[in-house]
Amino acid sequence: MEKTRIDCAHQSEAELALAKEQAQLVFRLNHTMPMTEEYDELLHRLFPDMGEGSRVNTPITVVRAHNVRIGRRVIIMNGCLMMSAGGITIDDDAQIAANVQLISNNHDLENRMVITCKPVHICRRAWIGAGATILPGVTVGENSVVGAGSVVTHDVEPNTIVAGNPARVIRKI
């Protein structure tokens, strides 16, 4: 698993400009009428790697959107938070319910201006229940289900239902 560190106190002018551009795109998207050409154009500018037939409902909060990859026929419901410095990949046919948090970065305990980053991967046909939190470095396996309100701290095997805080295996599918 690729782990990176970013010193937020020492970002380049290009990094700061990209952060500003993406924050403004998120704001505009969140204030644009859904299901319009303008909405679709803003969505694809924010997520250029979004697959065909995918839908992202606003409001959405995303930091470092250039690190998000969205497959085909993905549904992301309202209120999703993506902290994506470590990278977030959402494979084809995944479903992300309302108010889900996908967190691929955290602060270093010694130097809080440094963020530590590990990728989050939501595999094909996974379903993340409302209000769930997926923490850095977690892969949710193919065809798995994460129960509403769960906090996922470890990988979820394919074809598995997990729930709770921390999430534990409920059963295999």
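Predicted model: local features only at pLDDT ≥ 70, side-chain atom pairs only at ≥ 80, totals over all residues.
Reader: Which residue in E11 is the bridge partner of His 107?

Author: Strand E11 covers residues 114-117, and E10 pairs with E11 over three bridges in the antiparallel sense. His 107 has its bridge partner in E11, and that partner is Ile 115.

Reader: How many disulfides does the count come to?

Author: A disulfide is a covalent bond between the sulfur atoms of two cysteines. The cut-off here is 2.5 Å between the sulfurs. For Cys 8, the closest cysteine sulfur is in Cys 117, at 7.9 Å, so that's too far for a bond; for Cys 123 it's in Cys 80, 16 Å away, again too far. By this rule the count is zero.

Reader: And Cys 123, is it buried or exposed?

Author: Buried means under 20% relative accessible area. Cys 8 comes out at 26%, which makes Cys 8 partly exposed. Cys 123 has a relative accessible area of 13%, so Cys 123 is buried.

Reader: What span does helix H1 reach from its first C-alpha to its last?

Author: H1 takes in residues 13-30, which is 18 residues. At 1.5 Å a residue you'd expect 26 Å, and H1 is close to that, reaching 26 Å.

Reader: Within what arc do the buried residues of H1 fall, seen down its axis?

Author: The buried residues of H1 are Gln 22, Leu 25, Val 26 and Leu 29. Seen down the axis, they line one face of the helix. On the other side of H1 you'll find Glu 13, Lys 20 and Phe 27 exposed. The buried ones fall within an arc of 100 degrees.

Reader: Which helix is included in what covers the buried residues of H1?

Author: The cover includes a strand as well, E3 (60-63). The helix that goes with E3 in that cover is H2 (37-46).

Reader: Which residues make up the uncovered face of E3?

Author: In a regular strand the side chains alternate between the two faces of the sheet. The covered face of E3 has Ile 60 and Val 62. The uncovered one has Thr 61 and Val 63.

Reader: What's the bridge partner of Val 63 in E6?

Author: E6 is the strand of residues 80-83, and it runs parallel to E3, with four bridges joining the two. Val 63 has its bridge partner in E6, and that's Met 83.

How values were computed:
Residues numbered from 1 in each chain as written. Heavy atoms only, no water. Pairing = 2+ DSSP bridges. Buried < 20%, exposed > 50% of the residue type's maximum accessible area, 1.4 Å probe, protein only. Expected span 1.5 Å × (residues − 1). Arc of directions from axis to C-beta. Contact = heavy atoms within 4.5 Å.
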